[in-house]
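Please open the structure in your viewer and keep the selection tool at hand. The tour below goes from one selection to the next and says what is found at each stop.

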Amino acid sequence: MHFELDTTRCDGFGFCADAAPTLIRLDDDGQVVLLKLELTEADRTQAESAVRACPVAALRLCAAQP
Ligand code: SF4
C-alpha cells in the first residue's frame with residue numbers, strides 16, 4: 001500500500017506528519033514529504049492515523065499495485 005496525496009487540497013498544516021512522524025514530514029517550505037514509497041503492514045496504524053488527521057481529506061491510503 002502507499003499514500004496518495006492530493007496537493008491541490010493540502011494546506012500544509014502538517015497534522016499528518018504529527019500523526020505519522022516516521023512516514024511523513026514537512027519540508028522547510030511546508031510541503032509534505034512522503035518518506036516511504038511503499039508502506040508495510042507495520043506502517044498501517046500510523047498511516048491510518050495520518051489519513052484520519054487530515055482535515056481536508058488530502059491524504060489517502062491505496063492498495064499496492066498487483
Ligand atoms: S494534514 Fe492534510 S492538509 Fe495538512 S499537511 Fe497533511 S496532507 Fe496536507
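A residue is called exposed when its relative accessible area is over 50%, and buried when that area is under 20%. Keep in mind throughout that this is a predicted model.

Begin by selecting Ala-57, which lies in the loop between H2 and strand E4 (59-62). Because its relative accessible area is 54%, Ala-57 counts as exposed. Its phi is near 55°, a positive value in a residue other than glycine, whereas most residues other than glycine have a negative phi.

Next, select Asp-43, in the loop that runs between strand E3 (32-34) and helix H2 (44-53). Its relative accessibility is 10%, so Asp-43 counts as buried. If residues up to four places away in sequence are set aside, Asp-43 touches Leu-23, Lys-36 and Glu-38.

Now select the largest nonpolar core, whose twelve residues include Met-1, Phe-3, Cys-16, Leu-23, Val-32 and Leu-59. To this core, helix H1 (15-19) and H2 each supply at least two residues. In soluble globular proteins, nonpolar side chains tend to be buried together.

Finally, select the ligand, which sits in the largest cavity. Among the residues that surround the ligand are Leu-5, Asp-11, Phe-13, Cys-16, Val-32 and Pro-55. Which kinds of residue make up the shell around the ligand? The shell divides into nine nonpolar residues, two polar and one charged.

Terms used
Residues numbered from 1 in each chain as written. Predicted model: local features only at pLDDT ≥ 70, side-chain atom pairs only at ≥ 80, totals over all residues. Heavy atoms only, no water. Near = heavy atom within 4 Å. 1 Å grid on protein atoms, 1.4 Å probe; cavity = no way out; pocket = protein on both sides within 12 Å on 5 of 7 lines; lining within 4 Å. Sits in = over half its atoms within 2 Å of the grid points. Nonpolar A, V, L, I, M, F, W, Y, C, P; charged D, E, K, R; others polar. Helix = DSSP H or I, 4+ residues; strand = E, 2+ residues; numbered from the N terminus. Buried < 20%, exposed > 50% of the residue type's maximum accessible area, 1.4 Å probe, protein only. Contact = heavy atoms within 4.5 Å. Core = buried A, V, L, I, M, F, W, Y, C linked by side-chain atoms within 4.5 Å.
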